[in-house]
Amino acid sequence: MPLSALLARIRRLVPRSDDQHYDEIVRSFGVGTLRPPPTPMTDGELARAIAEFLKEQPSSESVAALGRRLDPSSRV
């Protein structure tokens, strides 16, 4: 799945009130901190990962937790 399609799915799951979270996700993909999942995630799996990410302030630790959910083989 192209990154743009994944970001469009994520945009639908992150409320506009949490734009700083979405901006951190976009930045993290841009700098390579986050990588797209190696296999497609269902909307439910992605929604659960994003919900966990939204519980915390967007930080390197929360980005790392999201990265592990997106790509369990990641060492982030």
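Leaving aside neighbours within four places in sequence, which residues is Ile-25 in contact with? In this predicted model, local features need pLDDT of at least 70 and side-chain atom pairs count only at pLDDT 80 or more, while totals for chains, interfaces and linings use all residues. Residues are numbered from 1 along each chain as its sequence is written, and side-chain values use heavy atoms, with hydrogens and water left out.

Ile-25 turns out to touch Leu-7, Ile-10, Leu-34, Ile-50, Phe-53 and Leu-66, contact being heavy atoms within 4.5 Å. Ile-25 is also listed with Ile-10, Phe-29 and Leu-66 as having the most contacts inside the largest nonpolar core, a set of 16 residues. Such a core consists of buried Ala, Val, Leu, Ile, Met, Phe, Trp, Tyr and Cys residues joined through side-chain atoms within 4.5 Å; buried means under 20% relative accessible area, exposed over 50% and partly exposed in between (1.4 Å probe, protein chains only). At least two core residues come from each of helix 1 (3-13), helix 2 (19-31), helix 3 (43-54) and helix 4 (60-70), with helices taken as DSSP runs (H or I, at least four residues) numbered from the N terminus. Helix 3 gives the most, 4 residues.

As for how helix 1 meets helix 3, Leu-6, Arg-9, Ile-10 and Leu-13 on the helix 1 side face Asp-43, Leu-46, Ala-47, Ile-50 and Leu-54 on the other. Ala-47, in helix 3, is partly exposed because its relative accessibility is 28%. Between their C-alpha atoms, Ala-47 and Val-14 are 9.0 Å apart, with 33 residues separating them in sequence.
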